[in-house]
Amino acid sequence: MHSRGSVKPPMIPNNHKTWSLLASTSIFSLATVDEKGNPHCSVLVYEHDKNLNFFFVTDKNSAKAKNILSHPQVAFAIVGSDLDMTLQGGGEAVEMTSEAKIKHMLRLMERADQAVDGWAPIARYKQDDLVLFQIKPSWLRLLDISAVKDNMHELAYEDLTTQVS
């Protein structure tokens, strides 16, 4: 593992469970904090890249967008489609601009329309009303409930933060 100054290497778990979980869903819960320190939680459509950065779009005037712009630290949780695994993480959310913003925004809106059968209201917004955020996780952990269904007292999170390829 090499690092340049204070920059951490990307977290890419060598864990098929993580990738399987991410392939099973496109919805996550996102927690933010407002200017008074009050928590806010939203359910959103997301996508991820091969470096486990997470991307989502929202209304630029939404509470979550305002919260992130004033306090960029966020947390998120993803539940597998079989409800037997969760991936939790946290890190800094940053607004994306440039060509990458348009590319990701269009993919996310298309995915929202297809993946959740019209459930995601974001798919009905005009592009000019949206903002795209990227989360660069500083920590991740996986909980696999399926491995211990008969022995719930053995349930433990698998810390993925240090697993890099």
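In strand β7, F133 is the bridge partner of E95, and β6 (residues 85-95) pairs with β7 in the antiparallel sense over 11 bridges, where two strands pair if DSSP finds at least two bridges between them. Helices (H or I, at least four residues) and strands (E, at least two) are DSSP runs, numbered from the N terminus. The structure is a predicted model, in which local features need pLDDT of at least 70 and side-chain atom pairs count only at pLDDT 80 or more, while totals for chains, interfaces and linings use all residues. Residues are numbered from 1 along each chain as its sequence is written, and side-chain values use heavy atoms, with hydrogens and water left out.

**Strand β7 and its partners**

- Strand β7 spans residues 130-144 and is mostly covered, with 11 of its 15 residues buried; buried means under 20% relative accessible area, exposed over 50% and partly exposed in between, with a 1.4 Å probe and protein chains only.
- Strand β4 (residues 54-59) also pairs with β7 in the antiparallel sense, over 6 bridges, and T58 stands opposite V131 in β7.

**Nonpolar cores and aromatic rings**

- The largest nonpolar core has 22 residues, and those with the most contacts inside it are F28, L30, F54, I78 and I135; such a core is a set of buried Ala, Val, Leu, Ile, Met, Phe, Trp, Tyr and Cys residues joined through side-chain atoms within 4.5 Å.
- Two or more residues of this core are given by each of α1, β1 (27-33), β4, α2, β5, β6 and β7, and the largest share, 5 residues, comes from β7.
- A second, separate core of 5 residues includes F55, V57, M96 and L132.
- Not counting residues up to four places away in sequence, I78 touches L21, L22, T25, I27, F28, Y46, F54, M85, T86 and L87, contact being defined as heavy atoms within 4.5 Å.
- One aromatic cluster is formed by F28, Y46, F54, F56, F76 and F133.
- Rings of Phe, Tyr and Trp (its six-membered ring) pair if their centres lie within 6.5 Å, and planes under 30 degrees apart count as stacked, over 60 as edge-to-face and the rest as tilted; by this rule the count comes to 6 aromatic pairs.

- In helix α1 (residues 16-24), T18, L21 and L22 are buried, and they lie on the same side of α1 because they cover an arc of only 95° around the axis, the arc being that of the directions from the helix axis to the C-beta atoms.
- H16 and A23 are exposed on the other side of α1, whereas the buried residues of this helix are covered by elements that include β3 (47-48), β4, β5 (73-79), β6 and β7.
- T25 lies in the loop between α1 and β1 and is buried, with a relative accessible area of 15%.
- A polar atom of the T25 side chain lies 3.2 Å from the backbone nitrogen of I27, and, leaving aside neighbours within four places in sequence, T25 is in contact with Y46, I78, V79 and R111.

**Helix α2 and N67**

- In α2, K64, A65, N67 and I68 are buried; they cover an arc of only 165° around the axis, which puts them on the same side of α2.
- K66 and L69 are exposed on the other side of α2, while the buried residues of α2 pack against β1, β2 (39-45), β4, β5, β6 and β7.
- N67, found in helix α2 (residues 63-70), has a relative accessible area of 5%.
- The side chain of N67 makes a polar contact with the side chain of T32 at 3.0 Å; a polar contact is a pair of N or O atoms within 3.5 Å, where within protein one must be able to donate a hydrogen and the other to accept it, and residues adjacent in sequence count only if both atoms are side-chain atoms.
- Not counting residues up to four places away in sequence, N67 touches T32, V33, D34 and H40.

**Two loop residues**

- L52, placed in the loop between β3 and β4, has a phi near 60°, a positive value in a residue other than glycine, and L52 is buried at a relative accessible area of 0%.
- Most residues other than glycine have a negative phi.
- S146 lies in the loop between β7 and β8 (158-159) and counts as partly exposed at 36% relative accessibility.
- The C-alpha atoms of S146 and L83 are separated by 8.9 Å, although these residues are 63 residues apart along the chain.
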